[in-house]
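Subject: Structure handover

Hello,

The structure is below, followed by notes on what was found in it. Please look it over when you have time.

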Amino acid sequence: MSYKVGMISLGCPKNQVDGEWMLDKLSKNGFSISHTIENSDIMIINTCGFIEDAKREAIETILEVAEYKKAGLVGAIIVTGCLAERYQDEILKEMPEVDSVIGIGANRDIVKVCQKALAGISTSFFPAKKYIPLCGERMLSTPPHWAYLKISDGCDNKCSYCAIPNIRGGYIERPMESIIDEAKSLSEKGVKELILIAQDTTKYGMKLYGEYRLASLLKELVKIDGIKWIRLFYCYPDRITDELIDVIAKEEKICSYIDIPLQHCNETILKSMNRSGSYASLKSLILKMKTKIPDLALRTTFMVGFPGETEEQFEELCRFIKDISFDKLGCFAYSPEEDTPAFGFDNQLDNDIKKRRAEILMDIQYSITETANKNRIGNIYKVIVDGKDDAKYTARAYFDSPEIDSDIIFTSNASLSTGDFAQVRITGYDGYDLIGEQV
């Protein structure tokens, strides 16, 4: 008998890759993968636990699946991922509907955990985080033409607000050969776009080779025939080397797109966050990147309402955003996380102040995006097709990453398939999305 196992994967792409790895293991060991909650013998909830909103979403998801279990539509519930790692005993204690809770180091044992759950045996298992799988076959949950490629995990940066080092453990990384082999395998399966992910991609190489090797890795990945686009996530500003900038500028396959979470621009706030940099130094880095990389698209993330952030410091951040004109920008209000240094800082700000500042920042960014979209009208871009709805195609140019950025909606007289490339002239925009036609 083949038992059905389903998964809900929450949070970041790194967690999504972990889920894909577990699904492949289960599929190869006799389990049938279910794509619905109903009638699943086992539901795995692969959780995020980074900030308060993520924890709330994870808890709500667990409770929602628990209702299916009460109705007899789900068998066992297994919770894994960052929330499980962070709140090990509390989940089983507070949520008796949950059958098993396992840490990220137990992902490699997911088959045994599921088998025990089917036998009515509850598992609470939290091996060392260093045992989290970094490589292996995956059952892709992304569309077949693009995929995430995790090159490392864990973090040693120890930003004062961040619980990730406590949850995911210290920095670990894969040998370059392993990454290249997986990229080739993904290419053979039809993947055309690779998105490199880690807690800090720019640190790659320091653990195994004693030097930054991201640029060297990229030089090897561009040699893979089937891979047409490569983009970079989570680049730490301190580690963006001249060599890395030059490789991005030179190699056509590497999208002129960098995700570089800056968190803030005020030097005092950054020091309090245990990060380096200032308005001047960050602007200098960005100008250097934009000078060397033609048409560079920058995505960043900022945090507002960090303990002690004054109105003047917030206004400095607003000026910085207007000054730089980021292509893509995300913002979240500071969330005080237990077991982090910032949790005990004085001058914690009121939630209403944090919410207001986040809204102001996103209003500023919307105006920047609107101006940028107007300026793109008439331009022609190479796009990759993500899908079709009625007579219109959904696609992205190099400056848009899947799932988190905007789309280009265009018409075409040709018949295109998902994963095809096309040349599209921009004719207008609708909010964050661009409108166009194939040329």
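Strand β17 (residues 408–411) runs parallel to strand β19 (residues 433–438), and the two pair over four bridges. Strands (E, at least two residues) and helices (H or I, at least four) are DSSP runs numbered from the N terminus, and two strands pair if DSSP finds at least two bridges between them. Phe410 has Gly436 of β19 as its bridge partner.

β19 also pairs with strand β18 (residues 421–430), in the antiparallel sense, over six bridges. Here Tyr429 is bridged to Leu434 in β19. β18 and β19 form a hairpin with two residues between them, and Gly431 in that turn has a positive phi of about 65°.

This is a predicted model, where local features need pLDDT of at least 70 and side-chain atom pairs count only at pLDDT 80 or more, while totals for chains, interfaces and linings use all residues. Residues are numbered from 1 along each chain as its sequence is written, and side-chain values use heavy atoms, with hydrogens and water left out.

Whole chain

The protein chain has 14 helices and 19 strands. Its radius of gyration is 22 Å, close to the 22 Å that the globule rule gives for 439 residues, so the chain is as compact as a globular protein of that length. That radius is taken over C-alpha atoms, and the rule is 2.2 Å times the number of residues to the power 0.38. The C-alpha atoms fill a box of roughly 60 × 60 × 45 Å along the principal axes.

Regards
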